[in-house]
Each structure stands twice: as structure tokens, then as C-alpha cells.
Amino acid sequence: MFEGKIIRFYREKYQMTQEQLGKGICSGTHLSKIERLQTEYAPEIITLLSERLGINMDEEILKLKNIKKRLDYWHDVIIKQLFDEMEQIYYELKQEDLIQISNYVNLYQLLCVRFLLMNHLTDEACGIINEIQESEHKLSPYETNLYKHVLGVYFLAKHEFYEAFQSLKAINEEEYPNQEYYYHLAAAYHSNELPVMAYFYADKARQFFKNINSYLRVIDAEMLMLIQIKDDGDFNDTIKGFNNLIHSCDSCNSPERKARVLHNLAFEYFRRMNYKLASKYYYESMMLKDKESSPFLLSLEGYIRSSFDGGLLTKNELFQLVEEGLHTSKNMNDQLYINLFTLLCYLIQNKEQEYYQYLADNSLPMFEKYGFVYLIQRSKKELFNYYSKMKRSCDALKLADIIINH
């Protein structure tokens, strides 16, 4: 069953014709039928062809049979986010030529996209996604749903939250038992400012992660659940929840997760106008992140805003931080943070007119294009207050209508 496929693969790899490989062993016509699994053949012929190709047929068949098992294990490692093992398997599979003639080449490509996205290599991931899209009609039902899952994760990475939501909602649970997608669906609901559904799916994801004994992913799901709770009546329970998560991150030696927890805790203090503690936790989060990364810039932006609103740093200190953030954003060509740090630059320099002009002409259209719901809402409220202050009643009423009705 496998011999013909393997012989053809290595013959083409070594750029041999059928006549060259079969010379003295069998005719080119007979070899053609062997490769296409259209004839019976003596075991001795396979042995001689294998020797000429320099391969051990038994070993090659075993490798081909084990590809699905290795891919399933890699998928499990990806779900649990065991990064060291995940990377090791990625490079091992990259050297496995026989994947290309297996029935699982599409599964392999889809898992490669997941791996690349987890390493923030979105451009490389996009290239493979485009290749898969051309042969989407050939995917199995499981692979079709994995493709939708992969697209959802890709759109989340690109901050295209509505597209992520649409792709993840299209998954057929009966054909796709990987309930990890609940977590990404919860993230999509969260990014679209739908906290009830975000909490619901994050809780389902938490249960799934518990069932597969992935405590790190349980932390992820619990944090996503925690930040959906917007009741300000008793903040003590929320603080206790964050402290428990921080302790869990320390116990699991996961500084990356701890950085995310600290950032979200900072935001909770920021929206309650406790700028001193917001600034403190934004700073602690920054110290655990790569300075040349988007997560660092996100915490830096929060740190500058909380420090500015709380009067915690001098104007020169703030401006220096803004310049650093803007410089890094431009090096990364990250338009979101270029906009955010440009706004902060105007804000700190007290250039009110320039701030609101840039917000209306540049930032808000970009936020709306990519669906940054929180930033859209914040920007519209800021513009409404500014227009009201400047007696620009017509502009204020237009924004009020949009805020109320949309």
C-alpha cells in the first residue's frame, strides 16, 4: 500500500526517471504501475529498488504510518502551550519529507499556522493560510473546522475581531472535538464588548482545560472570566481573584501570563480612577515583557496615561516615555501604537486642538476599521465632550446620536 508512494517520492526527489531507477530490476512501465498501486509485485523488486534509492523501506513505512500520531501529539502540545516541546516537534516535522505524500499534509500546514501565530509570525502564517485557501474544498470535515479555528486565531492576532468572531462561530462542534476554540471564541466576544457571552465561553474553555490537565490554560480562561465582571459594588472579590491568578502564575513559573494578569489588574484600577495603583501594576507588567513587542507597548501606553491623569510623573518624564514608545511603534510599523503614542504626545504637550483633530481624522477611523471597540467608545466620548465644550453643537449631536443608537 505504501511502497509505491514512497518509491515515487524518493525517485522524484533524486530526479531519476522510471527507466533509470528500474534498469536491471524491472521495466519503466512496470515501475509506473507499482508507483500508482496498479499492479502486484514481488517483494524482491521492492528490496532492489529501495537499495538503489538508499532507503530502508520498513523504516520509511513506519515513519509514514506514524505521521498522524505525531501530528496529533503536536496539536495536543500546541493546545497546552508547552512552548519548548512545541518548537522541538516543529523542527522535527519540518525535516520529515514524507509528510508531503501522506494524507495529512493539510493538517500539518494548519498546525504550522497555529505554531507561527503563537510565535507572533503573522506574515508567515498568512502565506500558508493563502495556500490552504486554494485547496479548502479538499479538506476533511475535521480539517475544515480546524481551518475556521486557525482563521479565528489569525484574525484575533490581526485585531480583526468581528472576522474572528464570524469564523469561530461557524465551527461545527460535532465534527471538531477540540474545545480549545471556546477560549478563542470567548476572546472574540470580549473584544467585541459582549461580556456575558465572553464569560460563558471562557467558563466552558476552563472546564475543557481542566479535563486535559492543562493548568496554565486554566489560568488563561479564569483571567478572561475575571475581566468580564464589571460590577463595581465590591471590588475586593475582584482583587482577590487577580491575586490568586498572580500566585498561580508564580507557582507555574509563567512570567508571560503574570504580565497579562498584572496588565488587566492595572486596567481595573485605571477605570476606577485609582491612577497610583494603575500606574504601579502597568509598570510591573512592562518589566516582564519584551520591550520590542506589542504587549509591552500596550502596558506602556497604560502606564503613561495613568501617570499623566494621576500627576505621578513630570512632563519631561512623560514625554520621554512617549518618544520611546513612538520610536518602537514606528520601528515595528504598528499603526495602532503609532496612533496611540501620537495622541499621548499631543496630550502631554497640552496641544488640545491637535489632539482632537488627530483623534477625529486619523485615530477614530483606524479604530473603527479594525474594530477596537473600547478605543472607539473612548474616542467618541472624548470627542463629544470636546465638541460640547467648544460649542460645536452640530458635531456633538451627531456623535451623541451615534453613541446612543449604535
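Which residues does Glu 301 touch, not counting residues up to four places away in sequence? The answer is given in point 3, after some remarks on the model and the overall fold.

1. This is a predicted model, in which local features need pLDDT of at least 70 and side-chain atom pairs count only at pLDDT 80 or more, whereas totals for chains, interfaces and linings use all residues. Residues are numbered from 1 along each chain as its sequence is written, and side-chain values use heavy atoms, with hydrogens and water left out.

2. The protein chain has 22 helices and zero strands, where helices (H or I, at least four residues) and strands (E, at least two) are DSSP runs numbered from the N terminus. Its radius of gyration is 27 Å, well over the 22 Å that the globule rule gives for 406 residues, so the chain is more spread out than a compact globule; the radius is taken over C-alpha atoms, and the rule is 2.2 Å times the number of residues to the power 0.38. Along the principal axes, the C-alpha atoms fill a box of roughly 95 × 40 × 40 Å. Of the 406 residues, 49% are buried, buried meaning under 20% relative accessible area, exposed over 50%, and partly exposed in between (1.4 Å probe, protein chains only).

3. Glu 301 is found in helix H17, which covers residues 294-309, and with 8% relative accessibility Glu 301 counts as buried. Leaving aside residues up to four places away in sequence, Glu 301 touches Leu 340, Phe 341, Leu 344 and Arg 378, a contact being heavy atoms within 4.5 Å.

4. For the chain in general, residues 24 or more positions apart account for 57% of the contacts with a separation of 6 or more.

5. Helix H4 (residues 43-53) has Ile 45, Ile 46, Leu 49, Ser 50 and Leu 53 buried. Seen down the axis of H4, these buried residues fall within an arc of 130°, so they line one face of the helix; the arc is that of the directions from the helix axis to the C-beta atoms. Pro 43, Glu 44 and Glu 51 are exposed on the other side of H4, while the buried residues pack against helix H1 (3-13), helix H2 (18-22), helix H3 (28-35) and helix H5 (57-80). Just after H4, Gly 54 takes a positive phi of about 75°.

6. His 159, in the loop between helix H9 (141-157) and helix H10 (161-169), has a positive phi near 60° and is partly exposed, with a relative accessible area of 28%. Met 273, which is not a glycine, has a positive phi of about 65°; Met 273 is found in the loop between helix H15 (255-271) and helix H16 (275-286), and at 61% relative accessibility Met 273 counts as exposed.

7. Glu 175 is found in the loop between H10 and helix H11 (181-191), where Glu 175 is partly exposed with a relative accessible area of 36%. Not counting residues up to four places away in sequence, Glu 175 touches Pro 141, Tyr 142 and Asn 145. The C-alpha atoms of Glu 175 and Leu 146, which are 29 residues apart along the chain, are separated by 9.6 Å.
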